[in-house]
Amino acid sequence: METYRVPVEQILIGADYSSANYEVAKNALRNMAKTTVEWSVIGDDGEEDGVELRWGLSSLLADAEFIVINNRVYLEWSYGPKIRNHLLDPSRYVQLSLKICS
């Protein structure tokens, strides 16, 4: 399982949040851990030959924790393997043109 880590101030920079009380962030993480993600795939050309239908579910986050290293607070989290694979699969996202028309 791959783990991600980021300083908490980078996450909260756009939220105009300056408190050392992380209860708001903890509640958000609790809610993300309780969030169930479902998927349904028809006609999968994946690893198993002949798969016609695939349905599954998982929680959004596998785990998350705050870690203090040298007086700096970090958020570390990971996704379950199936969620991670779906999130990182570029074919799942719409390709948008970045050309700006004036």
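**Exercise 1. Find out how accessible lysine 26 is, and which residues its salt bridges link it to.**

Step 1. Lysine 26 has a relative accessible area of 33%, so lysine 26 is partly exposed. The cut-offs go like this: buried is under 20% relative accessible area, exposed is over 50%, and partly exposed is in between (1.4 Å probe, protein chains only).

A quick word on what you're looking at: this is a predicted model, where local features need pLDDT of at least 70 and side-chain atom pairs count only at pLDDT 80 or more, while totals for chains, interfaces and linings use all residues. Residues are numbered from 1 along each chain as its sequence is written, and side-chain values use heavy atoms, with hydrogens and water left out.

Step 2. Now look for a partner. Side chains of opposite charge can pair when their charged atoms come close. Lysine 26 makes a salt bridge with glutamate 23, with 3.4 Å between the closest N and O atoms. To count as a salt bridge, a side-chain nitrogen of Lys or Arg must be within 4 Å of a carboxyl oxygen of Asp or Glu.

Step 3. Helices (H or I, at least four residues) and strands (E, at least two) are DSSP runs, numbered from the N terminus.

Step 4. Check glutamate 23 for another partner. Glutamate 23 also has a salt bridge with arginine 30, the closest N and O atoms being 4.0 Å apart. Shared partners therefore join Glu23, Lys26 and Arg30 into one network.

**Exercise 2. Decide whether glutamate 76 is buried or exposed, and name its polar partner.**

Step 1. Find glutamate 76 in strand β5 (residues 72-78).

Step 2. With a relative accessible area of 16%, glutamate 76 is buried.

Step 3. Its side chain and that of arginine 5 are joined by a polar contact of 2.6 Å. That term means a pair of N or O atoms within 3.5 Å; within protein, one must be able to donate a hydrogen and the other to accept it, and residues adjacent in sequence count only if both atoms are side-chain atoms.
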